[in-house]
Amino acid sequence: MPARIQRLKHLLDELAIESLLVTDETNVRYLSGFTGDSSYLLISGDRTAILSDRRYETQIAAQCGDLQAFVRGPDRNMNQLVTEAVESFSVAEVGFEASSVSCSLFEGFRQHLPNVDWKPTEGLVQKLRQIKEPEEVDAIRRAIHIAQRSYQAIRATLRIGQTELQIAYELESWIREFGGQGCGFPTIIAIDANAALPHAQPGTVKIDADSTVLIDWGAKYDGYTSDMTRMIAIGTIQPKLAEIYPIVLEAQLAAIDAIRPGVQLAAVDEAARSVIRNAGYGDQFGHGLGHGIGLQVHESPRMSAIMEGELEAGMIVTVEPGIYLPGNLGVRIEDDVLVTSQGREVLSSSPKGLDDCTVML
């Protein structure tokens with residue numbers, strides 16, 4: 001954690017920002033190791049402090065005891081605590097995370113500290129989080145392992161009449177059984193036409209003798225999440241699935257093959273999109289190719305046609321092209337990929353050939 005804070009301080013120096021108030025809870029955890037909520041960090045060139053309340057005094061001492069702590073009781077609010085910390089730091093300029101600070105919160109900062117120059121910043125800690133350290137990679141590997149074991153268990157226990165919600169609940173149970181902290185995000189279980197909704201919510205649709213099921217799930221381990229998608233065909237593979245599944249798989253493999261350091265994010269997206277477009281389904285692939293994962297399921301970098309920037313070694317991204325036919329069917333295949341110094345490593349390994357989709361009940 002001290003090394004992460006030091007890298008952020010170097011970034012602040014480069015941007016000539018005297019101090020930074022970190023209010024995003026995920027960024028607070030990344031920088032300090034603190035896993036509670038409702039807490040901030042104040043970081044300057046020579047000091048770092050955590051701002052919290054008395055609920056977390058013992059937890060702060062255990063998780064980040066090397067940091068100075070400003071702790072408020074029930075008689076003070078967070079604006080008053082920020083005021084105390086900023087005045088203690090004797091800084092005239094404070095950067096803040098614009099995307100996680102509401103207008104009302106910002107106005108509170110300005111009212112309590114009218115002589116401070118408040119500077120909006122965007123994505124400073126997220127930029128650091130893009131490159132995963134070895135222990136972060138290990139945690140994501142474990143999250144993937146748990147997710148894949150859970151998926152195998154679900155495949156083995158599917159039954160006619162089971163609803164999307166029942167599958168989702170049972171999948172989370174298996175994740176916890178195999179050592180996960182729970183789901184990394186709300187699980188998507190989409191049967192038949194519901195699979196044409198990229199972010200379908202599980203409901204009461206039931207499996208029947210010829211259903212197609214899309215499962216998009218992730219396990220969380222030590223705060224880090226995995227993110228995968230697989231398709232299951234109950235009984236026999238339906239003609240439309242047999243037609244579009246190979247196209248999506250070819251697109252995914254083409255994108256994975258394009259991943260290596262220095263490649264433009266948009267170019268990886270195009271590697272997959274061109275396959276789907278050339279097959280006549282370009283309009284049915286309506287989202288970006290993938291995104292980073294880590295402490296959150298959606299992190300930087302994003303891979304899409306409009307994204308600028310390039311891949312770097314240490315990034316972990318999802319590759320998830322899809323084809324969606326409203327009222328009929330949707331197909332998406334998703335894996336987690338580590339960008340290495342020489343190219344890439346596909347971290348997830350659940351079988352994904354068309355023949356691997358079939359489950360006989």
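## A strand pair and its sheet

Val213 sits across from Ile232 of β12. Those two strands, β9 (residues 212-217) and β12 (residues 228-234), run antiparallel and are joined over six bridges; strands count as paired when DSSP finds at least two bridges between them. This is a predicted model, in which local features need pLDDT of at least 70 and side-chain atom pairs count only at pLDDT 80 or more, while totals for chains, interfaces and linings use all residues. Residues are numbered from 1 along each chain as its sequence is written, and side-chain values use heavy atoms, with hydrogens and water left out.

The pair belongs to an open sheet of four strands with mixed pairing, ordered β8-β9-β12-β20. Because β8 (188-191) and β20 (358-359) are the edge strands and each has a single partner, one side of each is left without a neighbour in the sheet. Strands here are DSSP runs of E with at least two residues, and helices are runs of H or I with at least four, numbered from the N terminus.

## Helices on the sheet

Helix α7 (residues 134-157) packs on this sheet, where it touches β9, β12 and β20, and its direction makes about 10° with that of β12. Helix α8 (residues 164-177) also packs on the sheet, touching β8 and β9, at about 145° to the direction of β8. Contact means heavy atoms within 4.5 Å. The angles run from 0 to 180 degrees between N-to-C directions, with axes fitted to C-alpha atoms, for helices over the stretch in contact.

## The nonpolar cores

Let's look inside. The largest nonpolar core holds 53 residues, and Leu8, Leu31 and Ile215 have the most contacts inside it. Helix α7 supplies the largest share of this core, nine residues. A separate second core of 39 residues has Leu249, Ala251, Val263 and Ile323 among its members. A core of this kind is a set of buried Ala, Val, Leu, Ile, Met, Phe, Trp, Tyr and Cys residues joined through side-chain atoms within 4.5 Å, where buried means under 20% relative accessible area (1.4 Å probe, protein chains only).

Leaving aside residues up to four places away in sequence, Ile215 touches Tyr151, Ile154, Leu171, Ile188, Ile189, Met228, Thr229, Arg230 and Ile232.

## The chain as a whole

Stepping back, the protein chain has ten helices and 20 strands. Of its 361 residues, 54% count as buried. Along the principal axes, the C-alpha trace spans about 70 × 40 × 35 Å. Among contacts with a separation of 6 or more, 66% join residues 24 or more positions apart.

How values were computed:
Buried means under 20% relative accessible area, exposed over 50%, partly exposed in between (1.4 Å probe, protein chains only).
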